[in-house]
Amino acid sequence: MAKSMSPLLSLIVILLSSIMINHLPVASLKQWCVSMQTAKDEQLEDNINFACSNGIDCRPILPSGACFKPNTTISHASYLMNDYYQSHGRTNEACFFFFPNSAMLTSRDPSYNQCIYK
Ligand SMILES: *[C@@H]1O[C@H](CO)[C@@H](O)[C@H](O)[C@H]1NC(C)=O
């Protein structure tokens with residue numbers, strides 16, 4: 001026969017639960033900066049050039065790299081724009097200012113196969 005919890009024990013359980021909810025892993029709130037589907041290829045090419053000339057490792061989008069396929073401007077730009085965003089403080093500026101009219105934030109991990117988005 002199960003005993004019902006005392007009011008004090010119930011209160012402790014509720015307090016502990018709310019503390020745990022407030023300490024859920026930050027990973028669940030992570031965001032990635034990726035290309036918008038409506039972005040113009042010309043702008044995406046500018047984004048690729050911007051990232052590659054501002055310290056981002058662009059080898060993953062080369063033919064030998066894990067993110068070369070699909071071989072499309074939008075896919076290559078997404079990978080590099082996100083790398084730039086992740087390595088520049090994850091600020092709105094690092095996503096939207098340098099990649100105008102072509103970037104969006106998503107809370108869904110865009111990684112696929114061996115192409116791991118940071
Ligand atoms: C990748 O796409 C570019 C642009 O469409 C094309 O010029 C190039 O030949 C492609 N490379 C491969 C290996 O498919």
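Is Arg-90 buried, exposed or partly exposed? Arg-90 turns out to be partly exposed, because its relative accessibility is 47%, and the cut-offs behind these words are under 20% relative accessible area for buried, over 50% for exposed and partly exposed in between (1.4 Å probe, protein chains only). The areas come from the Shrake-Rupley method with a 1.4 Å probe, and for residues only the protein chains shown count as cover. The model is a predicted one, so local features need pLDDT of at least 70 and side-chain atom pairs count only at pLDDT 80 or more, while totals for chains, interfaces and linings use all residues. Residues are numbered from 1 along each chain as its sequence is written, and side-chain values use heavy atoms, with hydrogens and water left out.

On to the overall layout. The protein has four helices and two strands, and these follow the pattern α-β-α-α-α-β along the sequence. Helices (H or I, at least four residues) and strands (E, at least two) are DSSP runs, numbered from the N terminus. Of the protein's 118 residues, 31% count as buried.

Helix H2 spans residues 41–52 and holds Glu-42. Glu-42 counts as exposed because its relative accessibility is 63%. Together with Asp-41, Glu-45 and Asp-46, Glu-42 makes up a negative surface patch. Patches are made of residues with over 30% relative accessible area and no salt bridge, with like charges joined within 9 Å and nonpolar side chains (Val, Leu, Ile, Met, Phe, Trp, Tyr) within 5 Å. For charges, Lys and Arg count as positive and Asp and Glu as negative, whereas His and the chain ends are not counted; the place of a charge is taken as NZ of Lys, CZ of Arg, CG of Asp or CD of Glu.

Lys-40 sits in the loop between strand S1 (32–35) and H2. This lysine is exposed, with a relative accessible area of 61%. Lys-40 pairs up in space with residues well along the sequence: Thr-73 is 33 residues away, yet the two C-alpha atoms are 9.6 Å apart. For Ile-74, 34 residues from Lys-40 along the chain, the C-alpha separation is 8.8 Å. Ile-74 belongs to helix H3 and is partly exposed, at a relative accessible area of 24%.

Helix H3 covers residues 73–86 and also contains His-76. His-76 is buried, since its relative accessible area is 8%. Its side chain reaches the backbone oxygen of Phe-68 at 2.7 Å. That is a polar contact, meaning a pair of N or O atoms within 3.5 Å; within protein, one must be able to donate a hydrogen and the other to accept it, and residues adjacent in sequence count only if both atoms are side-chain atoms.

What about salt bridges? There are two salt bridges, a salt bridge being a side-chain nitrogen of Lys or Arg within 4 Å of a carboxyl oxygen of Asp or Glu. One joins the side chains of Asp-83 and Lys-118, at 3.0 Å from N to O. This pair links distant parts of the chain, with Asp-83 in helix H3 and Lys-118 in the segment after strand S2 (103–106), 35 residues apart. Asp-83 is buried, with a relative accessible area of 4%, whereas Lys-118 is partly exposed at 47%. In the other salt bridge, the side chains of Asp-57 and Arg-59 meet at 2.9 Å, N to O. Here Asp-57 is partly exposed, with 33% relative accessibility, and Arg-59 is exposed, with 58%.

The loop between H2 and H3 includes Gly-55, which is exposed at 71% relative accessibility. Gly-55 and Tyr-84 lie 29 residues apart in sequence, and their C-alpha atoms are 8.3 Å apart in space. Pro-70 is in the loop between H2 and H3 as well. The peptide bond leading from Lys-69 to Pro-70 is cis, with omega near -5°.

Most residues other than glycine have a negative phi, and most peptide bonds are trans. Arg-90, found in the loop between H3 and helix H4 (92–97), has a positive phi of about 55° although it is not a glycine. Asn-113 has a positive phi too, of about 40°, and is not a glycine either. Asn-113 lies in the segment after S2 and is exposed, with a relative accessible area of 71%.
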